[in-house]
Amino acid sequence: MQARMRRRTLLGFAIVAAVVPASIGCTPDADPGPDPAPTTDGPTDDSTASADAALRAAAAAAENELIALYEATITAHAGLAASLAPLAEQHREHRAALEAGIAPATGNPPNVPTVSADPGTAVVEIIAAERRAADARTVDCEQAGAEDLARLLALIAASEASHSEALSTTGPSS
């Protein structure tokens, strides 16, 4: 596969970078500091907070599933580690951000996924999982009651979409 991203891929990333912040109320010159105190412009009742906590927990569990898939693929195909390990680390960061402020998950760890014996097929499976995850985080973003959670979910969706595109365009180094 190509070692460099195509121009349309870079254009796609540029569009996502411009559209996602605009769609969640961010501006290019926004202060990147901590979120301001909650306002009364939107729903802030206990049911919204509870729904947002459940949304965070479900998205964190989905990140655990992606991490498990990456780890299983790296274990089965050590030659893919250089390409996949940085993406798996980003998913760990996503999970940590989602779990901030909620009780740690007490459920069972995700099952170890079955990975194809063919490295190329294994990467295609990761690409499909990343696309599903990006779609799911986009839906979650629309359901979030708090602006900061909607922003976080939108950024995670964009990251997951970029993972699938990067793996599709450049392919793994094997």
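How many helices and strands does the secondary structure of the protein chain come to? Here are a few notes to read beside the model, which is a predicted one.

1. **Overall make-up.** The answer is five helices and zero strands. Read from the N terminus, the elements follow the order α-α-α-α-α.

2. **Contacts and surface.** Take the contacts in the protein chain between residues at least 6 apart in sequence: 83% of them join residues at least 24 apart. Of the 174 residues in the chain, 34% are buried. The chain exposes about 10,200 Å², and carbon and sulfur atoms supply 58% of that area.

3. **Helix H3.** This helix covers residues 81-99, 19 residues in total. From first C-alpha to last it reaches 26 Å, close to the 27 Å expected at 1.5 Å a residue. Just beyond H3, Gly101 adopts a positive phi of about 85°.

4. **The buried side of H3.** Which residues of H3 are buried? They are Ser83, Leu84, Leu87, Ala88, His91, His94 and Leu98. These residues sit on the same side of H3 because they cover an arc of only 110° around the axis.

5. **Ser159 in H5.** Now to helix H5, residues 147-170, where you will find Ser159. Is Ser159 buried or exposed? Ser159 counts as buried because its relative accessibility is 13%, and the cut-off for buried is under 20%. Setting aside neighbours within four places in sequence, Ser159 is in contact with Gln90 and His94. His94 is also one of the buried residues in H3.

Key: Residues are numbered from 1 along each chain as its sequence is written. This is a predicted model: local features need pLDDT of at least 70, side-chain atom pairs count only at pLDDT 80 or more; totals for chains, interfaces and linings use all residues. Side-chain values use heavy atoms; hydrogens and water are left out. Helices (H or I, at least four residues) and strands (E, at least two) are DSSP runs, numbered from the N terminus. The expected span of a helix is 1.5 Å times one less than its number of residues. Buried means under 20% relative accessible area, exposed over 50%, partly exposed in between (1.4 Å probe, protein chains only). The arc is that of the directions from the helix axis to the C-beta atoms. Contact means heavy atoms within 4.5 Å. Accessible areas come from the Shrake-Rupley method with a 1.4 Å probe; for residues, only the protein chains shown count as cover.
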